[in-house]
Amino acid sequence: MPLAYSLPSDLSPATVTNTSSLLRIIALALISGAAIASRLFAVVNFESIIHEFDPWFNYRATKVLAEKGFYAFWNWFDHTAWYPLGRVVGGTIYPGLMATSGVIYNVLHALNLPVDIRNICVLLAPGFSALTAWSTYMFTKELKDESAGLLAAAFIGIAPGYISRSVAGSYDNEAIAIFLLMFTFYSWIKALKTGSAFFGTLTALFYFYMVAAWGGYAFITNMIPLHALTLILMGRFSSRLYVAYSSWYAIGTLASMQVPFVGFQPVRTSEHMAALGVFGLLQIVAFAELVRAHVSSRQFQSILFGSVIVIGVLGVLAFAGLTYKGWIAPWTGRFYSLWDTGYAKKYIPIIASVSEHQPTAWPSFFMDLQFLIFLFPAGVILCFRELRDEHVFVIIYAVVASYFAGVMVRLMLTLTPVVCVAAAVAFSSLLDTYIDPVEPEVSEVAVPVTGGDSSAASPATVDGAVSSKKAKKAAAAVADASSTGIASGIVAAIGGQSKSPKARGIFGLDTRFLIVVNALGMLLFFVLHCTYVTSSAYSSPSVVLASQNPDGSQHIIDDFREAYYWLRQNTPQDAVVMSWWDYGYQIAGMADRPTLVDNNTWNNTHIATVGKAMSSPEEVAYPILRKHDVDYVLIIFGGLIGYSGDDINKFLWMVRIAQGVWPDEIQEPNYFTPKGEYRIDDAASPTMKNSLMYKMSYYRFAELFGGSQAVDRVRGQQVPKTGPTLDYLDEAFTSENWIVRIYQVKKEDLLGRDLKTANAFANGKKRKKSKPLARRKALA
Amino acid sequence: MPAAKIAPSKTAGSSQSPLLSLWKAYYESTSTRLKTIDAFLVFLMLSGIIQFLYCVLITNFPFNAFLAGFASCVGQFVLAASLRAQVNPANRSEFKDVSPERAFADFALGSIVLHFFVYNFLG
């Protein structure tokens with residue numbers, strides 16, 4: 001066997017195995033370190049702070065758990081949220097995340113390490129990303145080998161698609177859910193491979209943890225049955241499949257019902273019925289197999305086959321009947337919105353209004369996955385080469401997750417693991433082929449027969465390799481050809497030869513060198529890209545903003561916390577704050593004040609009420625505010641410093657959501673100019689100008705510019721010089737950069753006048769011609 | 001389930017009695033151990049059917065209790081059926097990694113976990 005380069009031959013096999021396992025452990029440790037470190041940009045650039053919106057609630061709930069214990073947390077009724085309704089927190093959340101941090105907190109305190117609960121929450125996601133890397137390693141190892149596993153672990157460790165949801169401070173359910181997802185899949189594959197009920201039980205336990213942690217558990221609930229069904233249809237039913245699936249389903253379903261938020265859904269809703277159906281099918285198939293083992297008559301088997309089909313049809317009919325009678329709930333709207341991307345906008349604007357529920361833009365695939373996204377299809381195709389049961393799983397996973405990632409931005413998260421796995425398989429196959437020193441034997445017999453073709457083909461690839469990428473593909477095709485059927489068939493067809501597999505392969509060092517250097521270069525650029533994207537795009541806490549001073553130094557914009565702390569220190573404990581639902585959790589977490597609506601969005605009408613108040617004129621909004629005991633109204637305004645995620649930009653969603661409930665009073669077209677433009681300058685429509693949101697945003701804005709023209713820097717439009725006036729609200733607080741503006745709702749006038757008249761009186765406009773005045777004159 | 005399967009086979013059975021031959025083949029070729037497991041399986045199935053009938057015909061009122069009871073039957077059934085498949089000498093080639101002793105340990109572990117949840121769910 002000719003070798004391209006010599007290998008040391010005086011090593012014992014034991015040494016080689018020991019060294020390689022040591023290297024693997026070191027590599028995994030380093031990968032974990034890299035995964036954690038690259039998520040710390042947010043802490044280094046800003047501070048140890050909880051990010052964004054939902055994490056603030058999780059953090060608040062975790063604090064309750066840590067301070068008051070598990071039972072208090074379980075029975076927690078939060079009367080400050082959804083004022084005046086309140087919210088049963090214990091029964092409306094996935095408690096896995098809080099429970100995890102609570103356990104870590106208690107363990108550390110038991111070890112006399114007095115770590116603050118906030119730091120545990122901030123660093124939980126990076127910590128779990130290391131575990132994700134490990135479980136991805138285990139998963140990929142089952143698929144190919146250890147080296148592919150290490151690559152996959154490295155990819156998932158630093159891929160921005162996953163980092164975007166797991167930077168330090170992003171204390172959300174996804175932080176632990178991806179680890180659970182990968183580990184559940186790993187134990188499922190393992191259970192299927194070995195046919196062990198132990199791994200089936202382990203799958204069920206991690207499935208339970210996943211159900212407790214993230215609403216995305218439905219992905220597992222449908223992926224595993226889909227895989228099992230595909231295997232059955234491929235004629236790959238085995239007792240191992242029966243053992244793995246049955247033990248997972250029987251234990252996992254019962255376990256998932258322990259989570260109060262999930263409740264009886266696993267037996268009552270359509271989303272979970274696929275798993276039940278496949279479970280029933282497996283029982284029937286297994287029984288049929290058992291009978292078949294005892295009886296050999298062909299006729300009997302065909303009868304069995306027929307009865308299996310009959311039972312299957314009966315099952316589907318029973319399912320349809322139960323759905324019809326209302327025993328099983330039909331698909332929910334959130335589910336429909338995955339199939340019809342326009343559905344949410346039409347029927348559930350509240351879902352469509354969230355930016356992460358929008359369809360994914362093409363560039364973001366590249367931004368989140370870089371070169372993995374084009375290695376991904378290659379990896380999936382390589383899975384077809386072996387096509388063991390676990391490869392079928394990866395193929396299904398890849399197809400399903402690609403679709404979902406295209407539909408919704410946030411589901412990019414479920415795609416990322418499979419992309420990393422598939423890309424690692426492809427990449428390590430490439431490296432395996434080119435690092436392997438074995439050269440093909442040019443046998444005496446083969447050369448004359450294959451003649452010009454093979455000898456011409458091989459040097460051609462070697463020469464072509466100079467032009468790197470094209471040649472790499474060709475060379476990869478040649479390399480593949482040496483090992484398996486499909487590709488070799490193609491190559492043979494091209495070459496017009498059917499019997500020259502031995503002469504194909506890689507000759508010499510130069511090709512190997514080029515390909516390997518190129519591959520390492522891709523890895524290097526991937527690392528640079530990931531670091532860049534992570535540090536620039538995904539590490540902003542969005543509670544604290546950063547900008548640059550003219551001299552290039554960083555300037556921190558801290559308006560949110562400034563305003564929330566103002567609320568906390570200057571208002572009574574029970575002052576109700578109204579804001580758009582995005583800021584509900586933050587107000588509850590940082591200002592500790594009751595809110596009308598928050599990010600839980602369970603009550604559409606309540607949110608529409610807030611939307612109506614915001615989009616109505618003052619006179620209409622005031623009774624709504626008074627009826628809900630609102631003391632303060634908080635809005636976000638970015639017009640001064642150009643913060644684009646402000647309430648004026650979200651305003652149309654408020655209008656749409658309010659319109660969904662009060663179509664007679666709020667109409668979206670009224671907020672546009674006659675030309676159909678969304679404007680805030682002089683040309684803005686009267687409805688727009690009179691809306692509470694507009695008035696609150698631009699109240700006294702023009703004064704800031706002295707005499708010169710006031711410009712809204714987000715919309716790039718000129719604001720009218722005489723700004724709106726407010727009769728029913730008082731400006732209470734405006735933060736340094738005007739991002740947060742807080743208004744106090746006036747109480748009813750003591751003299752019983754309506755506030756508009758009272759205001760006019762106070763402003764000295766006494767000679768307003770009005771009827772009572774005239775009557776008084778007449779009397780005099 | 002088995003009743004549904006056996007019914008069509010009976011009507012279409014042209015040879016004298018496939019059922020009888022099935023029973024004979026089963027009775028002769030199955031070891032006592034497997035028969036014990038099978039007896040347990042039949043018992044679990046009957047218990048599950050009774051609970052299901054109770055739920056359908058009388059009341060499903062403590063629904064969680066019904067689910068817990070029914071799931072314990074189904075779960076124990078599939079775990080025992082898994083055990084049966086694993087210790088069946090005919091399946092030796094499929095379960096290379098699972099010795100009969102390990103199969104029983106798996107079975108015991110799975111049952112413990114299952115009944116932990118059952119107990120928690122009874123209410």
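This is a predicted model: local features need pLDDT of at least 70, side-chain atom pairs count only at pLDDT 80 or more; totals for chains, interfaces and linings use all residues.
**Exercise 1. Fold content of chain A**

Determine how many helices and strands chain A contains, and what percentage of its contacts with a separation of 6 or more joins residues 24 or more positions apart.

*Solution.* Chain A comprises 36 helices and ten strands. Among its contacts with a separation of 6 or more, 72% are between residues 24 or more positions apart.

**Exercise 2. A helix pair in chain A**

Classify the packing of α11(A), residues 217-233, against α21(A), residues 389-407.

*Solution.* First, the two axes come within 10 Å and cross at roughly 130°. Next, angles over 145 degrees count as roughly antiparallel and 65 to 115 as roughly perpendicular; α11(A) is therefore oblique to α21(A). The crossing is right-handed. Finally, the contact residues include Phe219(A), Met223(A) and Leu226(A) of α11(A), and Val392(A), Phe393(A) and Ile396(A) of α21(A).

**Exercise 3. Helix α4 of chain B**

Compare the span of α4(B), residues 63-87, with the expected value, and state how many of its residues are buried.

*Solution.* The 25 residues of α4(B) reach 35 Å from first C-alpha to last, close to the 36 Å expected at 1.5 Å a residue. Of these 25 residues, 21 are buried, and α4(B) is thus mostly covered.

Definitions and conventions. Residues are numbered from 1 along each chain as its sequence is written. Chains are lettered from A and ligands numbered from 1 in the order in which they are written. Side-chain values use heavy atoms; hydrogens and water are left out. Helices (H or I, at least four residues) and strands (E, at least two) are DSSP runs, numbered from the N terminus. Contact means heavy atoms within 4.5 Å. The expected span of a helix is 1.5 Å times one less than its number of residues. Buried means under 20% relative accessible area, exposed over 50%, partly exposed in between (1.4 Å probe, protein chains only). Axes are lines fitted to C-alpha atoms, for helices over the stretch in contact, and angles run from 0 to 180 degrees between N-to-C directions. Angles under 35 degrees count as roughly parallel, over 145 as roughly antiparallel, 65 to 115 as roughly perpendicular and the rest as oblique. A crossing is left-handed if the near helix is turned anticlockwise from the far one by less than a right angle, and right-handed if clockwise.
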